[in-house]
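Let me put the structure up, and then I'll walk you through the strands, the core and one bit of the surface.

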Amino acid sequence: MLTKSDLLKPKTTEIDVDGGKLTIRALSAAYAMALRGKDLQGVDIFEIVSDSIVDEKGEKMITGEEVGTLAIATLEQIVKSIFEFNALGKKAVEDATAELKKTEDSTINSAES
């Protein structure tokens with residue numbers, strides 16, 4: 001029989017990122033549902049990633065600001081896994097990835113200027 005504590009404990013899973021493992025936790029139902037249909041910008045995505053990556057104690061491992069310093073290729077892997085794990089839908093994964101690509105494109109273009 002599940003206890004209340006068991007039921008409310010955040011679900012986690014391990015994901016492969018850049019040849020290593022990260023633990024991500026499920027977003028709460030309220031948080032995940034609030035994201036549906038929302039036009040996510042970079043800062044929103046960074047906060048979702050920050051809220052999702054946890055250490056062995058289940059504590060947040062990285063801030064939204066630190067997420068913004070990750071390589072786009074690494075961030076894309078993490079975002080895809082988080083959105084899929086939280087069943088946010090294929091369109092949400094595609095939209096978030098497209099938003100990250102826009103950031104990557106503008107960064108590359110700025111560096112070339």
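So, strand S2 and strand S3, residues 53-54, pair antiparallel over two bridges. If you want a spot to look at there, find Ile 24, whose bridge partner in S3 is Ile 53. Keep in mind that this is a predicted model.

Now the other partner of S2. Strand S1, residues 12-17, runs antiparallel to S2, residues 20-25, and six bridges join them.

Okay, on to the inside. Which residues touch the most other members of the largest nonpolar core? Those are Val 49, Val 79 and Phe 83, out of 23 residues in that core. S1 and S2 each give two or more residues to this core, and so do helices H2 (29-35), H3 (42-52), H5 (72-85) and H6 (90-112). H5 gives the largest share, five residues.

Take Val 79 and look around: leaving out residues up to four places away in sequence, Val 79 touches Ile 45, Val 49, Ala 96 and Leu 100.

Last stop, the outside. Leu 2, Leu 7 and Leu 8 make a nonpolar surface patch of about 360 Å². Leu 7 sits in helix H1, residues 4-8. Is Leu 7 buried or exposed? Its relative accessible area is 59%, and the cut-off for exposed is over 50%, so Leu 7 counts as exposed.

Technical notes. Residues numbered from 1 in each chain as written. Predicted model: local features only at pLDDT ≥ 70, side-chain atom pairs only at ≥ 80, totals over all residues. Heavy atoms only, no water. Pairing = 2+ DSSP bridges. Helix = DSSP H or I, 4+ residues; strand = E, 2+ residues; numbered from the N terminus. Core = buried A, V, L, I, M, F, W, Y, C linked by side-chain atoms within 4.5 Å. Buried < 20%, exposed > 50% of the residue type's maximum accessible area, 1.4 Å probe, protein only. Contact = heavy atoms within 4.5 Å. Patch = residues over 30% accessible without salt bridge, like charges linked within 9 Å, V, L, I, M, F, W, Y side chains within 5 Å. Areas by Shrake-Rupley, 256 points an atom, 1.4 Å probe, with all protein chains shown as cover. Salt bridge = Lys/Arg side-chain N within 4 Å of Asp/Glu carboxyl O.
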